[in-house]
Structure formats: C-alpha cells, structure tokens
Amino acid sequence: MVSKINSLKEVFTSAVLTFLEDVCKKFEAKAHGEPEEQLKAPLENLFKDFSSISAIPLTLKGQSQLAGRVGKPDYAVHHGITPIGYIELKAPGKGADSSRFTGHDRRQWEIFKNLPNILYTDGDCWALYRNGERIGGMLRLEADLSAKEHQHPQAERCAKLFDILATFVKWEPAVPSSPKLLAAFLAPYCRLLRDAVLESLNCNSLSINRLKGELEALLFPGATDEQFADSYAQTVIFALLLARMEGANTLDTGNAVDQLGSGHMMLSRCLQFLTDTSVRQEINTALLMVCRVIAAIDISKLNTSIENDADEPWLFFYEHFLAAYDPELRKKAGAYYTPIEVVRCQIRLVDKILVEEFGKPMGFLEPLITLDPATGTGTYLLAIVEYALARAKKEEGKGAVRGAARSLANTLCGFEWLVGPYAVAQLRLTQALTRHGVALSSYGPRVYLTNTLASPTKVPPAPSLFHDPIAREYNMAREIKDVSPVIVILGNPPYGRHSAGNKTNRAATGAWVRYGNEESENGKGKDPILEDFLRPARQAGLGIHLANIYNQYVYFIRWALWKAFEHERADVNGIVTFITASSYLDGKAFVGLRRHMRKVCERIDIIDLGGDGRGTHKEENVFDIQTPVCIFFAWRKKSKDLLSPYNEPAKVQYLHMTNTKIEKQAYLNKKKKKTKLPWHEVS
C-alpha cells in the first residue's frame with residue numbers, strides 16, 4: 001500500500017510541475033483580470049489530474065461573485081454529487097496564512113472560518129482549514145510564479161501537497177449521535193447560514209430583501225435584519241433536521257420539503273419558500289454545507305442514543321444549541337429561554353391543583369386541554385411530557401408510558417407567532433412523543449403558527465403561496481381559541497413595553513385584545529377586552545399612569561383570563577399560570593388588572609421572585625435581566641356570576657423570595673409535589 005501511494009505521488013509531481021508552468025505562462029501573457037483569476041484554469045487542471053491519479057471523482061464548481069460582497073469561496077468541490085468543501089484563491093504572494101490577512105481578506109476570513117473544510121492557496125502557499133483551525137502545517141512549494149525562470153519544487157514538497165489534497169477531499173462530517181452533542185454540532189452551521197443571509201441583506205441583495213419584505217408581516221413580524229437572519233437560519237436548520245429525522249435526504253431540499261409535507265405542512269412550505277432557487281444563489285455556500293451535514297446524521301444511531309438516555313433527551317436540546325450558537329441570545333429573557341427550574345415549579349404546582357382541588361387524579365394525563373399561548377421553542381410542553389410520563393411510569397409501570405404519551409399528543413397545545421421558535425417546538429415535541437411509539441396526526445404536534453392576541457374569528461390575509469397551510473394552521477388554532485374549552489393555560493409570555501400603537505403595528509401591539517374587532521358593524525362593537533383593565537384605573541383617577549399597562553405580558557394575561565374563565569364555552573374549572581414582570585402587583589396603572597383577576601378567579605397564589613437590578617437594594621434575578629418577576633397561579637373550581645356584586649373576590653396568597661438566584665432556582669426545583677410553601681394570605 002505504501003509503495004502504491006509513493007508511486008501515485010511520483011505521478012502527481014509531474015502534475016504539479018505542469019500546474020506551475022501553466023500559471024507562469026498566464027502571467028507571462030499579461031492576461032487581463034485579477035491576479036487570482038490566472039490561477040483558475042491551472043488549478044482546475046491540477047484537480048482533474050489529482051482526481052485521475054487518486055481515482056476519486058471530483059468536480060470543481062466555480063461560484064459567481066457579487067459586487068460589493070465579501071463573496072463566496074472561488075470553488076465548491078464535490079465528490080460525485082456530494083459537496084465536500086471549498087477552495088479560496090488568493091493573488092500570488094498573498095500566502096495562505098489566515099492570521100496575516102488584512103482588510104477585505106480578513107473580513108472574508110471571518111465568514112469562511114465557519115466552513116468545515118476549505119483550502120486556501122495563492123498557487124505557491126497551501127493551507128487547509130476546518131472550522132477556523134488549520135489542519136497540518138503550511139506548505140510552500142517555493143516557486144516564484146511571476147518569474148520567467150521559476151524554481152521547480154522539490155519532490156517531497158509535491159508529495160506533501162498530495163497529502164493536503166487527499167486530506168481535503170476525504171472530509172466527512174463527524175456528526176455526533178447524542179442529542180446534546182448534535183445540538184452543539186449544528187450551532188456553527190447555523191451561524192454560517194445566519195451570517196450569509198445577513199451579508200446579503202446588508203448588500204441589498206434583491207432576492208433576500210424581497211423575501212424578507214414578502215414574509216415579514218406573516219412569519220417575521222417587526223424583525224430587524226439581524227433578527228430576520230437569525231430566524232431564517234434557525235428555521236431552515238430545524239426544518240431540515242426534522243425532515244432528516246423523518247427519513248428525508250436533505251441534500252435534496254425538494255425531498256425534504258416533500259417529507260415534511262406529510263405531517264408538517266407549514267414547515268414544509270416555509271422550507272420551500274426560504275430555499276427558493278433565486279435565494280439559493282445568494283447563500284448557496286452556507287446552505288449547501290448545512291444540507292450536507294444534516295444529511296450525514298445517522299438516524300439509527302441517534303435513535304439508539306435517545307432510547308438509552310434515561311432523561312428526556314429533547315428537553316434541553318435547544319438550550320444546548322443556544323449555548324454553542326449564541327451564548328448572549330441564551331441569556332435573553334422572553335421567547336427563547338426560561339429557566340427549567342421555573343418551568344418545573346409551575347408544572348408541579350398546577351398538577352397539585354388538578355389533583356387536589358379539581359379532582360383530576362392523573363393531573364396532566366386527564367383528558368383536558370393544556371395550552372402555552374407563547375410557546376417559544378416548546379420548553380413548557382416538553383417539561384410536561386417529561387413530568388407526566390415519569391409519573392405514569394412510576395405509578396402505573398413502564399407499559400403505561402406509551403398510552404400516556406398518546407394522551408398528551410391530543411391534549412398539549414402551543415401557539416407561537418415567530419417561525420424560528422415554532423420550527424424548534426415542532427421538532428422537539430415531535431421527537432419527544434414519537435420516541436414512545438406515538439403516531440402523530442398528519443398535522444404533526446398541536447403547535448400552531450398564530451398570533452395568540454389576534455381575533456379568534458377573523459381570518460388574516462396571506463400570500464397565495466402560503467394560503468392553504470396558513471389557513472389550515474389558523475383554523476386549527478381558532479378551534480382552540482374560540483371553541484375548545486382550555487383548562488390549563490401556562491407559560492412565560494413576552495414582556496416589555498413597545499412603541500406606540502398605530503394602524504400599521506396593531507398586530508404587534510395588542511391586536512384584538514387591545515383594539516377589538518375592527519370589522520364589526522360601523523367599526524363599533526363590543527369594547528376590546530383590555531378595557532376591563534383600563535376602565536377601573538380611569539374611574540379611580542389614575543389614567544395618567546396607564547402608559548405602563550401597554551405591555552405584552554399584560555395582553556397575554558388579559559387573553560388568558562378571558563379564555564379560561566370568561567369565554568362562553570369556558571369550563572367551570574380553570575387555571576392560568578404565568579411568569580411575568582411583577583409590576584402589576586402594586587403599580588397604580590394595574591388596579592383594573594388586579595380587580596378583574598380577583599373578580600373572575602377563586603384563588604390567586606403569587607410567588608414573588610423579586611430580582612430588581614436597578615433599585616438601591618439590588619436583588620438577584622432568576623433570569624439574567626434587571627426587571628423583577630413573579631409567578632402567579634390564578635384558578636377557580638366553581639362558577640362565578642361575573643355580573644353579581646355579591647361574589648367574593650378571589651382569595652390571594654403571597655410568597656416573597658429574597659435569596660440568591662441559585663437558592664431561588666433550587667427552591668423552585670424541589671421535586672416533591674406535596675411540599676408546602678409558606679404562603680401569607682393577603683386581603
């Protein structure tokens with residue numbers, strides 16, 4: 001074998017000499033164009049020779065460069081039809097040492113370093129990089145390419161070039177088989193795709209900017225270029241991953257679209273649109289590599305790893321991904337990340353209410369609808385799956401788990417307005433349920449792309465390409481909003497004040513909850529349900545403070561109270577639990593919120609987690625934010641006549657925690673559901 005390789009290297013030496021002679025002839029002819037352009041034809045011939053010598057079928061595909069762009073690598077290299085890496089040419093004399101690049105070359109390197117296999121050369125210098133790290137040493141052939149009399153390289157240098165090219169063309173993505181490692185593995189490819197999209201937006205790429213404009217209101221509401229690029233990348237990554245988990249060959253995005261279409265029509269259509277031919281031309285370098293590495297996932301090994309995992313393997317999948325993808329994003333409050341200790345506390349205490357107060361001995365496994373109206377990436381729904389299935393296994397045995405998972409597939413629901421988190425939630429919940437042998441409906445898990453705060457009766461306009469799946473998603477979500485009784489509503493809705501409401505941003509500033517149905521007779525109809533919070537403050541002479549109430553979390557509280565307790569089809573039993581900013585506890589603007597909550601509920605339990613990082617006496621927060629937060633559990637188990645002044649207001653219990661972040665999280669994460677909290681009753 002060694003002698004055969006040495007023989008191949010001897011033949012290759014002749015090919016290298018021909019390559020160098022061809023380059024020199026190009027420079028002697030003083031051809032027009034950039035210096036690196038003179039390397040292209042000789043390089044293509046060198047790789048043709050290497051392909052013949054090594055018996056590896058290689059194809060070099062030149063990539064068009066766009067004016068004003070950092071650009072793409074000069075070549076994409078394929079082994080047969082499979083992409084294996086890229087080649088970037090530099091003008092002779094520039095070298096291939098990335099640490100010495102400046103200006104345009106440096107900016108280019110900051111993008112290309114995310115590629116898993118790229119070969120740099122200026123004809124004389126050669127270096128192979130993988131994910132920003134150089135593999136092996138730097139090779140110099142020591143040939144002056146611009147001189148008429150160039151020095152032939154020594155045979156051992158040609159042999160080293162053979163080794164570099166052999167290493168380059170034999171690249172295979174080493175995809176891990178555990179969900180935790182897979183999450184971290186995918187992170188740099190998501191960054192690669194995100195950066196490619198953002199660069200296209202910044203350079204006013206027609207295709208990408210048109211795509212953003214067409215889909216902004218529907219799938220990326222109010223997104224900046226950075227947020228659009230991030231959501232785009234995550235949507236594509238997780239849609240492709242879900243398609244691969246269901247057997248698709250992601251090297252063929254058409255096959256991935258078709259595979260998703262049988263059970264995830266909305267994601268199928270998103271993937272189809274986001275990877276349209278005109279868009280691919282802008283970001284093909286990144287997209288091709290993303291498709292390549294996801295296609296290399298060994299599904300059988302991944303499934304085996306999942307089966308052998310004692311814990312719920314998908315519960316922390318997105319958190320592991322974010323930790324590697326964007327640690328700062330992981331820290332942000334809101335749609336992306338809620339501390340699992342908080343989630344588990346809410347689930348445990350809701351289960352306690354279901355069992356002890358509502359007479360539902362199996363808790364979440366009873367036939368009752370549970371909804372997270374701001375589901376984000378599905379953490380609450382995943383945690384319920386983990387909690388309820390563990391309980392079923394403990395109390396009824398391993399054989400009960402499959403039936404319990406089937407029950408949860410029918411009763412757990414989520415609403416999400418942003419397509420990136422929606423794609424992640426679809427993936428996580430699908431895998432968490434199907435690993436227990438549950439066959440989901442053709443619509444996938446009951447997570448819907450919808451604006452929770454929008455009218456439960458009005459159908460929004462949609463682009464024709466999206467009309468059918470959007471209409472289907474909307475109608476299934478509307479069934480929950482306006483028909484099905486929901487017993488448990490829980491989650492971590494977004495909070496933060498927003499820009500002033502106007503006719504163009506109503507969907508993002510409270511929608512139906514704040515403005516009501518604009519299509520009602522003469523534009524006049526029943527007051528928006530937010531008026532139940534606003535009116536008492538005005539009547540008490542506190543209207544001057546009402547600017548503070550126009551906050552996303554307030555809209556979600558109002559919607560949840562309406563759905564759980566006031567809708568004409570509401571069940572007698574109902575629970576709403578959110579973790580939100582705590583400004584409503586004593587703020588003057590929120591007198592109506594407090595009054596209405598006590599009016600429609602029977603009991604309200606509040607865990608005040610503090611965490612004010614801006615006052616004189618700073619407290620540690622369970623989130624990495626400065627806004628104090630609290631958890632409330634508002635529930636009732638008997639009917640109340642909301643028009644009667646004689647109904648007693650809800651009993652309120654309160655607990656204030658002032659210890660450290662770690663101590664708060666540890667306390668919230670107590671496993672025993674029967675643990676009694678030291679409540680203080682409030683008048």
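Biologist: Over which ring does the charged end of Arg506 sit, and how far from its centre?

Modeller: Bear in mind that this is a predicted model. A charge counts as over a ring if CZ of Arg is within 6 Å of the ring centre and within 35 degrees of the ring normal. Arg506 meets this with Tyr515, at 4.4 Å.

Biologist: Which residue lies over the face of Phe101?

Modeller: The distance from the ring centre is 5.8 Å. The cut-off for NZ of Lys is within 6 Å. The residue is Lys90.

Biologist: How are the ring planes of Phe228 and Tyr232 arranged: stacked, edge-to-face or tilted?

Modeller: Phe228 and Tyr232 are four residues apart in helix α7 (residues 225-245), so about one helical turn separates them. Both Phe228 and Tyr232 are buried. Their ring centres are 6.1 Å apart, with 50° between the planes. Stacked needs under 30 degrees and edge-to-face over 60, so this pair is tilted.

Biologist: Which aromatic cluster includes Phe238?

Modeller: Phe238 is among the residues with the most contacts inside the largest nonpolar core, which has 221 residues. Phe238 touches Phe317, Tyr318 and Phe321, among others. The cluster is Phe238, Trp314, Phe317, Tyr318, Phe321 and Tyr325.

Technical notes: Residues numbered from 1 in each chain as written. Predicted model: local features only at pLDDT ≥ 70, side-chain atom pairs only at ≥ 80, totals over all residues. Heavy atoms only, no water. Core = buried A, V, L, I, M, F, W, Y, C linked by side-chain atoms within 4.5 Å. Buried < 20%, exposed > 50% of the residue type's maximum accessible area, 1.4 Å probe, protein only. Contact = heavy atoms within 4.5 Å. Phe/Tyr/Trp six-rings, centres within 6.5 Å; stacked < 30°, edge-to-face > 60°. Helix = DSSP H or I, 4+ residues; strand = E, 2+ residues; numbered from the N terminus. Lists of a residue's contacts leave out its neighbours within four places in sequence.
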